[in-house]
Amino acid sequence: MKKIQILWTDDEIDLLKPHILFLDEKGYCVTTASNGTDAVDLVKTKDFDLIFLDENMPGMSGLETLNKIKEYNPRIPVVMITKSEEEDIMDAAIGSKIADFLIKPVNPNQILLSIKKNIENKELIKSKTTSAYQVEFGNIGMLISSATSFNDWVEIYKKLVYWELELDNSQNSNMYEVFRLQKSEADVEFSKFIRKNYVSWLKSNSKGAPLLSPNIFRSIVLPEINNNEKLVFILIDNLRFDQWRIIQPIINEFYLTEEEIAYCSIIPTSTQYARNAIFSGLMPEEIQKTFPKFWLNDDEEGNKNDHEEIFLINQLQQCRLKTKLSFRKIFNNRMGEKVLNNLPNIIQNDLIVLIYNFVDMLSHANTDLEMIRELAVNDSAYRSLTLSWFRHSYIIELLKELAEKNIRVVLTTDHGTIRVNRAIKVVGDKTTSKNLRYKLGKNLSYDSKEVFEITNPGDACLPKSTVSSKYIFALNNDFFAYPNNYNYYVKYFTNTYQHGGISMEEMILPVIKLKSRIF
């Protein structure tokens, strides 16, 4: 194994021989320099893994040396060592992106700890995470095999999300592959669970039914309004639980996560069905009957989510709530900025609904745009793009201002998405819906063992376009492909993000109650 190369620069380097011998005994290779000029020259001729740098040296100071080193190679971690505890020196050093800061006199264990933090940290994290997941692997397996309720699956999915993010940070590709197989196994068993229980949940007075899309407002949002508090309801379209986890620390700078509730999206897990159900408080079949002019079938042209505000107003009226409502959809940063600038007027209302569409647009772009497919090559990269958008969106400033005004927030999503990689052949006529994760049609041919079929849409509270219409849903990470041009479509759609079917990623979703951290 290659020895870790360390450069130690100090004008009193001879006095540090005991420390250098100590590091030699630990297996590190230490090169020394007694001034900044020599240190910079050494950096130009040799690859170092870490630099210890005295701040107070004659000639070129430690800070000047640091700047020269960073100009040449900004990636080398530099540990500044100084006798001074003056705040301005520390600020200047930290502003120059040092990796660590030590105050003289330093002892060997301090030096060793700094090396481990800055050089061996990744390997230590990888080793610790790997060991911990190996222990948890068996526990999760037992939970998967014994799960009998939706709450059981929520616990399993949250554990899987936790370990996915931990293994992602540890960058252990071998153990991540083990995790991926366990997650796939979980999705297979979850799909069996949904096939067995979903229809029964929709019957009146069903025992064991989870919180479903149509009940979110009645169960969670409206009780907050009844307490005479202003409320902002934020829906980020197509946000998975793992994406919520990576943006949660940013939100928690301004808001406390007062309560995190997991709910189950209805199927199809698509915007037309799931989001309309949230705002109407109705299942799709009921929406079609109640608002025949506003419901568009899959094969009809037009935007199928144009009437959500009307649906919500009707739901508020049915609950006998006279609530001043502001309802806005945000598709880009310009619209987000407009909402932020108009916030003083918007918050005059009792209920403010904000729908952010970026994550859903990202998943569709992953299919349609080669550049986005290159950027979102896996779930880790997909999360990273989500985080980057969130950090640079106007949502952060919006949440900050809402927190300062002590306005409560409920944040949720309508469905998730899954990376698909296995094609299932299906045959349908020209009126069959185009979604890759579910199909609605009257002349469908498929292997019933590979799908969840709803031969009578009314059983799942779903509308039908013809008397003989039925639905089929893709399971796990499958997607539907027609036999015509089969190989082309398999190649084109494999490893894209799709939604509409049955998986933990699409169906187990967060509803988060947020309370201002400032008050």
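With a relative accessibility of 0%, N238 counts as buried, where buried means under 20% relative accessible area, exposed over 50% and partly exposed in between, taken with a 1.4 Å probe on protein chains only. The structure is a predicted model, in which local features need pLDDT of at least 70 and side-chain atom pairs count only at pLDDT 80 or more, while totals for chains, interfaces and linings use all residues. Residues are numbered from 1 along each chain as its sequence is written, and side-chain values use heavy atoms, with hydrogens and water left out.

Along the principal axes, the C-alpha atoms of the protein chain fill a box of roughly 90 × 55 × 40 Å. The protein chain counts 519 residues, and 53% of them are buried. Contact here means heavy atoms within 4.5 Å. Among contacts in the protein chain with a separation of 6 or more, 74% join residues 24 or more positions apart.

Back at N238, the residue sits in the loop between β6 (231-236) and α10. N238 is not a glycine, yet its phi is positive, at about 70 degrees. At 55% relative accessibility, however, N485 counts as exposed, whereas N238 counts as buried.

Helix α10 itself spans residues 241-251 and holds Q248. Q248 counts as buried because its relative accessibility is 15%. Leaving out residues up to four places away in sequence, Q248 touches T257 and E260.

Two cis peptide bonds can also be found in the model. One joins K104 and P105, with omega at about -5 degrees, and P105 belongs to the loop between β5 (100-103) and α5 (108-118). Another runs from I267 to P268, with omega near 0 degrees; P268 belongs to the loop between β7 (255-264) and α11 (271-280).

Turning to helix packing, how do α7 and α8 meet? The axes of helix α7 (residues 150-170) and helix α8 (residues 173-201) come within 11 Å and cross at roughly 160 degrees. Axes are lines fitted to C-alpha atoms, for helices over the stretch in contact, and angles run from 0 to 180 degrees between N-to-C directions. Helix α7 is therefore roughly antiparallel to α8; angles over 145 degrees count as roughly antiparallel, under 35 as roughly parallel, 65 to 115 as roughly perpendicular and the rest as oblique. On the α7 side, the contact is made by F150, W153, L160, W163, E164, L167 and D168, and α8 supplies M175, Y176, F179, Q182, K183, A186, E189, F190, F193 and W201. The residues of this contact divide into 12 nonpolar, 1 polar and 4 charged, where Ala, Val, Leu, Ile, Met, Phe, Trp, Tyr, Cys and Pro count as nonpolar, Asp, Glu, Lys and Arg as charged, and the others, Gly among them, as polar.

With 29% relative accessibility, E189 counts as partly exposed. Apart from its neighbours within four places in sequence, E189 is in contact with I144 and W153. E189 and S145 are 44 residues apart in sequence, while their C-alpha atoms are 8.0 Å apart in space.

Another helix pair is formed by α18 (residues 379-392) and α19, whose axes come within 6 Å and cross at roughly 55 degrees. Helices α18 and α19 are therefore oblique to each other. W389, F390 and R391 of α18 make the contact with I395, I396 and L399 of α19, a set that divides into 5 nonpolar, no polar and 1 charged.

Helix α19 covers residues 395-404, and its buried residues are I395, I396, L398, L399, L402 and A403. Seen down the axis of α19, these residues fall within an arc of 160 degrees, so they line one face of the helix; the arc is that of the directions from the helix axis to the C-beta atoms. Just after α19, N406 takes a positive phi of about 60 degrees.

Conventions. Helix = DSSP H or I, 4+ residues; strand = E, 2+ residues; numbered from the N terminus.
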